[in-house]
Amino acid sequence: MTYDLFIGDRLFSSWSLRGWLMLKKFNLPHRTHMVGLYSGTMAKEMEPLAPARLVPALRLPEGAVVGESLAMAETLAERHPEAGLWPKDPIARATARWLCAEMVAGFNALRGECPMQLLHAWQGFTPSAENLADVSRIEALWAHARQVSGATSGPLFGTYSLADVFYTPVAARIIGYGLPVSAPNHAYCLELLSDIPVRQWRAMGITIQYDPFPYPQNLTSDVWPVGGTSTANPIDNGPSINTACPYSGDPVTDFLEMDGQCWGFCNAFCRDKTVADPEAWPKFTAMIDAVNDS
């Protein structure tokens, strides 16, 4: 039973990130297919999914297509009750549904002024009063969720749920544009963005270069606060310490250098996603540790 998820460009498609996290975080088997949001090919690539016209879109194992993130979330929760996509407690579950529904329908100023991007931590951004009102509303909803669940930190309802999925791109906006929130909510945003799957999503997005950058700001940019600056660099030739790619097990053809050591991968994508954030990939770090500890 494998799902097919159709997504847009990882650095910018907030809804695609939500769709992917629904599957990734709850260990639901899936294949990912990229739809070009900025290449002019989106309409053509979406034709087989009609009447779905936006990403993400989900093709069920039976072949049916489900559009819209909230419909996808409810469908997956219904099909996999054991996975725990929604909180177990009925009141917490109802509250989590409320938070997700308001996210889908609201916060237009935040969305319009602060398009999700996972590359820059903009300095000196000035939000409008409407944007600040959206952020205040989000903080009020988070406070209500924690009042219901009793969780003072970490996931909103104590254990990770679809509520955290739906607000992860919000966290990226808050951090990426330096929007003012309380210290606990700032910490929650960084926790969501520090999650290994989110770091992997961002690293895969960085493998694509954009010129011009889709959402420019006439501002200075600080280093993205999660992952820091990578010390890895792509190089043209080996030999590498390893002969098999840590992800596929296939023979190596592409290489990176890090801390004076050369490591190999089965293709440029595997290498480049690792260059972007080496610590986001447990199989890579385990390979390094195994070699260096031997």
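A: One term to start: helices (H or I, at least four residues) and strands (E, at least two) are DSSP runs, numbered from the N terminus. This is a predicted model, where local features need pLDDT of at least 70, side-chain atom pairs count only at pLDDT 80 or more, and totals for chains, interfaces and linings use all residues. Residues are numbered from 1 along each chain as its sequence is written, and side-chain values use heavy atoms, with hydrogens and water left out.

Q: Ok. Which helix is Q200 found in?
A: Helix α9.

Q: Is Q200 buried or exposed?
A: Q200 is buried, because its relative accessible area is 9%. Buried means under 20% relative accessible area, exposed over 50%, partly exposed in between (1.4 Å probe, protein chains only).

Q: What is Q200 in contact with, leaving aside neighbours within four places in sequence?
A: K24, A280, W281 and P282. Contact means heavy atoms within 4.5 Å.

Q: Which residues line the second largest pocket?
A: Q200 is one of them, and the lining also includes K24, W281 and P282. R10, W20, H30 and Y247 are among the others. A pocket is an open set of points on a 1 Å grid over the protein atoms alone, where a 1.4 Å probe fits, with protein on both sides within 12 Å along at least five of seven lines; lining residues have an atom within 4 Å of a point.

Q: Which elements supply at least two residues of that lining?
A: α1 (14-24), β2 (30-34), α9 (196-206) and α11 (282-293).

Q: What volume does the largest pocket have?
A: About 440 Å³. A volume is the space filled by probe spheres set on the points, with grid points joined across faces, edges and corners. The largest pocket is lined by 21 residues, and S13, S14, W15, L54 and V55 are the closest to its centre.

Q: New topic. What order do the strands of the open sheet have?
A: β7-β8-β9, 3 strands with antiparallel pairing. Two strands pair if DSSP finds at least two bridges between them. The edge strands are β7 (233-235) and β9 (261-265).

Q: How many bridges join β7 to β8?
A: There are 3. P234 has L256 in β8 as its bridge partner.

Q: Which strands does α10 lie across?
A: Helix α10 (268-276) lies across β7, β8 and β9, at about 20° to β8. Axes are lines fitted to C-alpha atoms, for helices over the stretch in contact, and angles run from 0 to 180 degrees between N-to-C directions.

Q: And α11, which strands does it lie across?
A: α11 lies across β8 and β9, at about 135° to β9.
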